[in-house]
Amino acid sequence: MSNQSFQPPQRILMGPGPSDVSPRILEALSRPTIGHLDPEFIGMMDQLRTLLQYALQTRNRLTLPVSGPGSVGMETCFVNLVEPGDKVVVCINGVFGGRMVENVQRCGGVAVTVEDPWGRAVDADHLEETLKDNKDAKIVAFVHAETSTGAQSDALSLIQIARRFGCLTIVDAVTSLGGTPVMTDEWGIDAIYSGTQKCLSCVPGLSPVSFSEQAVDVINTRKTRIQSWFMDLNLVMGYWGSGQRRAYHHTAPVNSLYALHEALIMLQEEGLDQAWQRHQSNHNALRAGIEAMGLDFVVPENERLPQLNAIKIPEGVDDAAVRQRLLQDYGLEIGAGLGTMAGKVWRIGLMGHSSNARNVLVCLAALDDVLTDMKASIVSNAAVAAARAVLFQGQD
Ligand SMILES: Cc1ncc(COP(=O)(O)O)c(C=O)c1O
């Protein structure tokens, strides 16, 4: 048994999440713990709701951070909205759509799947055809930003189709929130969940969720009791509801909520438009470097997420050995492929605080070095200059 404190190494986090947490957020995390029913804390919770409404671009009253990672946010949406026998159309274009199916089935619902190739956006026509054949569907669920492949779907088109067929929508915005536009009210999303560890650059373990009035009506008029006590929003709202009259539900993760508050203040200071622009510019620079190296992206350009770059591993290169060298020699973490893409792609995240020019250059220089040293067939010594040309146009 160790008697030493754990001292994590300093890393540069450029995988699929968590992303680097800014020192300002880490400082917020270390502030004194107070009671989760302390009036000062309750005041902070009200601010947190308003800040989340800004991040999610919504006026939904039922907007809160669930105490648990993105998976708990996902499950909160499904257990509250899906009753036994309900038909839910789930779009699958990667790992996380598959998890939605699991959720539907565990709620006793009937999942009808719309499957599109991994690495592509969800096909709107495909969804429409499926809904024509399933007019009794209650909900359409899809992942806005598929972290397993780096594909971004056209959320507005999918929601418009779902609404035409009278369906509610559940949208996974775990990787999109803070990195690319997520317009909850304008797009007409009914239930949305995200995570704190990606483009919000907060510590992992919280999941912002938000529900439209229509979704709240559906929850209030359920015929069956929600099978999860912890995620039953009727009970959670006893704590997260308005004003000072709040009842104990579970002990809120007080310090993590300080951190989220700080992360959202930082997002507000930067402004959503600016944050989206920053993610796009850094992606453009990384892309220039990756292409100069002779490597290819998995996702076609018009369906690509700026914050999650899936890159094909060149023939004959040992995926794990490269990632290990990057970690050992550069303290740099990039992600492996998931599911069917394991061993075939690297996932380079440019999320939140990690999305900056220095990280783009370090990542390209490190990849160039390691791949050249391993005698991979790439164009050496070209990537950094290509990225610099994009980052510092006219300044060099
Ligand atoms: C699109 C998507 N949905 C859901 C999740 C689950 O989030 P968590 O790992 O925080 O539970 C992730 C995590 O990477 C994700 O990328």
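**Around the ligand**

Modeller: Start at T147, where a polar side-chain atom lies 2.4 Å from an oxygen atom of the ligand. That is a polar contact (a pair of N or O atoms within 3.5 Å). Bear in mind that this is a predicted model, where local features need pLDDT of at least 70 and side-chain atom pairs pLDDT 80 or more, while totals for chains, interfaces and linings use all residues. Residues are numbered from 1 along each chain as its sequence is written, and side-chain values use heavy atoms, with hydrogens and water left out.

Now look at S71: an N or O atom in its side chain is 2.5 Å from an oxygen atom of the ligand. With G70 it's the backbone that takes part, as a polar atom there is 2.8 Å from a ligand oxygen. On its own the ligand has 390 Å² of accessible area (Shrake-Rupley method, 1.4 Å probe), and the protein covers 85% of that.

So who else is around? Besides G70, S71 and T147, the ligand is surrounded by P69, F96, V143, A145, D172, V174, T175, Q197 and K198; each has a heavy atom within 4 Å of the ligand. Sort that shell by class and you get 5 nonpolar, 5 polar and 2 charged residues. Gly counts as polar here, Pro and Phe as nonpolar, and Asp and Lys as charged.

Finally, the spot itself: the ligand sits in the second largest pocket. A pocket is an open set of points on a 1 Å grid, with protein on both sides within 12 Å along at least five of seven lines.

Methods:
Polar contact = N/O pair within 3.5 Å; in protein donor to acceptor, adjacent residues only side chain to side chain. 1 Å grid on protein atoms, 1.4 Å probe; cavity = no way out; pocket = protein on both sides within 12 Å on 5 of 7 lines; lining within 4 Å. Sits in = over half its atoms within 2 Å of the grid points.
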